[in-house]
Amino acid sequence: MIYSIITYILIFIIATIEGNYNLFQVINAYKVIFFSEQMQKEEAVLEQKTLKPFPNKDLVYESVDFINPKVRNFALYAVNKHFTKTPNYAINRKFIQYFAVFKEINKRWNYVNDPKGQEYFASGSESLLYFSGDCDDHAILMCAAIKSIGGSMRLIHTGRHMYPELLIGNDKDLETAIYLINKELFPEESKNKTIYFHRDEKGKIWLNLDYTARYPGGPFLGEEVLSVLNLQEPTNQSAFFQ
């Protein structure tokens with residue numbers, strides 16, 4: 001904690017001289033790191049070499065239809081409905097908007113099983129009709145909606161479960177995300193709770209956005225991670241945003 005205080009004092013002095021930050025911005029940055037240090041965090045590291053091929057990879061990938069206008073319009077509806085009056089909205093806009101999508105989907109989601117003996121993957125746009133389906137349908141919709149507004153997503157498969165994860169970035173980004181979750185956006189839901197995330201082989205942090213969680217970074221179901229599907233944007237889909 002003392003190290004953090006000294007660090008931010010030095011940042012303030014340097015930034016003031018260079019004209020990059022004012023006192024209010026530095027105080028806000030300190031609040032972020034202070035509150036995130038008080039929050040319990042549970043980190044798991046995934047070893048890429050131990051992972052297995054992702055089941056139904058091509059079918060699942062195609063179901064994440066983030067370029068569908070219905071999916072993007074839903075995401076725009078969510079970000080304009082939730083958290084727009086959050087302090088420092090412009091500074092933390094991306095995280096706040098991603099978490100707004102999480103809130104809207106998870107408050108409406110109704111778990112419904114697939115047909116007996118069959119694996120059914122609903123596209124994101126299909127799930128918008130009734131906000132119902134099983135874990136993979138939820139994960140696909142979450143990924144599609146957040147990707148449609150610029151987020152980076154991936155899917156985790158455990159054998160009996162699938163859930164989405166949002167790329168947070170580095171440790172400093174995680175501090176910001178934890179502060180927003182715990183103090184601004186989900187204070188009641190995350191009170192005295194732990195933030196759960198994975199760190200990949202490159203050191204990047206991915207936050208759990210499962211349907212079982214009432215706040216971003218909620219508990220994992222406790223099953224072993226078997227495979228990961230990174231949802232990189234194909235070059236032929238970028239025209240949607242031009």
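Which side chain makes a polar contact of 2.5 Å with the side chain of Glu165? The partner is His198. The model described here is predicted.

## Glu165 and its surroundings

Glu165 sits in strand E5. Its relative accessible area is 0%, so Glu165 is buried. Besides the contact with His198, the side chain of Glu165 is joined to that of Arg154 by a polar contact of 2.9 Å.

Leaving aside residues up to four places away in sequence, Glu165 touches Ser152, Met153, Arg154, Ile156, His198, Trp206, Leu207, Asn208 and Phe220. Asn230 is 65 residues from Glu165 in sequence, and the two C-alpha atoms are 9.6 Å apart in space.

## The sheet

Strand E5 belongs to an open sheet of 6 strands with mixed pairing, in the order E1-E6-E7-E5-E4-E8. The edges are formed by strand E1 (40-45) and strand E8 (227-230); each has a single partner strand, so one side of each has no neighbour in the sheet. On average, neighbouring strands are turned by 35° against each other, direction ignored.

Strands of a sheet pair through backbone hydrogen bonds, either parallel or antiparallel. E5 and E7 run antiparallel and are joined by 4 bridges. Leu167 stands opposite Trp206 in E7, and Trp206 is also among the residues that Glu165 touches. Helix H7 lies across strand E4 (153-157) and E5, at about 30° to E5.

## Helix H5

Helix H5 covers residues 93-108, which makes 16 residues. From its first C-alpha to its last it reaches 23 Å, close to the 22 Å expected at 1.5 Å a residue.

The buried residues of H5 are Phe95, Ile96, Gln97, Tyr98, Phe99, Ala100, Val101, Phe102, Glu104, Ile105 and Asn106.

## Salt bridges

How many salt bridges does a search of the whole structure find? The search finds 7. In one of them, Glu223 pairs with Arg160, with the closest N and O atoms 3.6 Å apart. Glu223 lies in the loop between E7 and E8 and Arg160 in the loop between E4 and E5, so this pair ties together parts that are 63 residues apart in sequence. Glu223 is partly exposed at 27% relative accessibility, whereas Arg160 is exposed at 71%. Elsewhere, salt bridges with shared partners join Lys81, Glu104, Lys107 and Arg108 into one network.

Glu104 counts as buried because its relative accessibility is 1%, under the 20% cut-off. Lys107 is partly exposed, with a relative accessible area of 47%, and Arg108 is partly exposed at 36%.

How values were computed:
Residues are numbered from 1 along each chain as its sequence is written. This is a predicted model: local features need pLDDT of at least 70, side-chain atom pairs count only at pLDDT 80 or more; totals for chains, interfaces and linings use all residues. Side-chain values use heavy atoms; hydrogens and water are left out. Helices (H or I, at least four residues) and strands (E, at least two) are DSSP runs, numbered from the N terminus. The expected span of a helix is 1.5 Å times one less than its number of residues. Buried means under 20% relative accessible area, exposed over 50%, partly exposed in between (1.4 Å probe, protein chains only). Two strands pair if DSSP finds at least two bridges between them. Axes are lines fitted to C-alpha atoms, for helices over the stretch in contact, and angles run from 0 to 180 degrees between N-to-C directions. Contact means heavy atoms within 4.5 Å. A salt bridge is a side-chain nitrogen of Lys or Arg within 4 Å of a carboxyl oxygen of Asp or Glu. A polar contact is a pair of N or O atoms within 3.5 Å; within protein, one must be able to donate a hydrogen and the other to accept it, and residues adjacent in sequence count only if both atoms are side-chain atoms.
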